[in-house]
Amino acid sequence: MAKLPFPILYEDNHLLVVDKPAGLATMGVAPEIPSVLSEAKRYIKQKYDKPGNVYLGIVSRLDAPVTGVLVLARTSKAASRLTEQFRSKQVQKAYWALVPPGLAADEATLRDWVRKDERHRRMHITREDVSGAKEAILSYRTLQNNRRSTLLEVDLQTGRKHQIRLQLSSDGYPILGDRKYGSEVSFSNGIALHAHSLAFQHPVQDQQLEFTAPLPASWESFGY
């Protein structure tokens with residue numbers, strides 16, 4: 001029987017929505033290394049007995065240590081229409097992040113210019129006039145506080161690589177467990193960044209879809 005090594009939140013002829021675990025890349029790794037894309041293709045091929053290559057379109061990504069809702073398109077039409085929804089900001093996404101306690105403001109908007117550092121596979125804050133600089137904007141609000149952490153809900157207004165991780169760290173509050181961006185706190189699996197919910201228009205049917213992924217067990221030791 002065809003199975004995925006992570007939960008399926010929704011499946012039809014056009015979409016596959018999954019709850020991505022920590023430690024698994026969305027795509028773009030060597031063929032021998034599992035990814036969400038390779039595992040999902042194997043699953044579709046086995047379940048529907050499809051010959052040849054299986055089409056699956058990635059319309060958004062989550063970093064390997066990040067968990068939560070991820071949507072894949074099962075047809076090129078669905079991929080094109082979903083990509084346009086993401087591009088035109090018709091998709092509602094909410095990320096949850098744990099950062100150290102003591103945040104100065106309950107809510108804020110962060111605006112920076114960022115650039116890629118390909119050599120070290122990370123991003124940096126930079127100036128607007130630097131070659132390759134792109135604007136990065138996000139807003140956050142505090143959901144809960146305890147003595148070990150603060151739980152934030154983050155709204156991404158631009159979609160830069162590692163954006164939430166970089167901007168919160170630059171603001172003095174690195175995501176727990178994210179050693180690449182300055183956290184000194186141990187986190188049992190991945191980092192404390194979770195794609196909590198995702199809402200969009202079905203690419204073919206006249207239907208609004210909304211999905212929520214439960215918090216991983218790794219958050220429990222921080223009280224969530």
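1. Thr142 is part of strand β8, residues 134-145. Strands here are DSSP runs of E with at least two residues, and helices are runs of H or I with at least four residues, both numbered from the N terminus. The model is predicted, so local features need pLDDT of at least 70 and side-chain atom pairs count only at pLDDT 80 or more, while totals for chains, interfaces and linings use all residues. Residues are numbered from 1 along each chain as its sequence is written, and side-chain values use heavy atoms, with hydrogens and water left out.

2. Is Thr142 buried or exposed? Its relative accessible area is 18%, so Thr142 is buried. Buried means under 20% relative accessible area, exposed means over 50%, and partly exposed is in between (1.4 Å probe, protein chains only). Leaving aside residues up to four places away in sequence, Thr142 touches Leu103, Ala105, Asp106, Thr150, Leu151 and Leu152. A contact means heavy atoms within 4.5 Å.

3. Pro203 sits in the loop between β10 (193-201) and β11 (208-212). Its relative accessibility is 6%, and therefore Pro203 counts as buried. Not counting residues up to four places away in sequence, Pro203 touches Leu15, Ala78, Arg81 and Leu82. The C-alpha atoms of Pro203 and Ala108 are separated by 33 Å, and these residues are 95 apart along the chain.

4. Helix α1 covers residues 36-48, and at 1.5 Å a residue its 13 residues should span 18 Å. The expected span is 1.5 Å times one less than the number of residues. The end C-alpha atoms of α1 are 18 Å apart, which agrees.

5. Which residues of α1 are buried? They are Val36, Leu37, Glu39, Ala40, Tyr43 and Ile44. These residues cover an arc of only 165° around the axis, so they are on the same side of α1. The arc is that of the directions from the helix axis to the C-beta atoms. The cover over the buried residues of α1 includes β1 (8-11), β2 (15-20), β3 (57-58) and β4 (67-73).

6. Asp49 follows α1 and lies in the loop between α1 and β3. Its phi is about 50°, and Asp49 is exposed, with a relative accessible area of 67%. His162 has a positive phi of about 55° and is found in the loop between β9 and α3. At 9% relative accessibility, His162 counts as buried.

7. The largest pocket holds about 1,400 Å³ of space. A pocket is an open set of points on a 1 Å grid over the protein atoms alone, with protein on both sides within 12 Å along at least five of seven lines; a cavity is a set where a 1.4 Å probe fits but cannot get out, and lining residues have an atom within 4 Å of a point. Grid points are joined across faces, edges and corners, and a volume is the space filled by probe spheres set on the points. Of the 41 residues that line the largest pocket, Arg61, Asp63, Gly159, Arg160 and Lys161 are the closest to its centre.

8. The count of cavities of 30 Å³ or more is one. About 80 Å³ of space lies in the largest cavity. Its lining includes Ser60, Arg61, Leu62 and Tyr95, and β4, β5 (92-99) and β10 each supply at least two residues of that lining.
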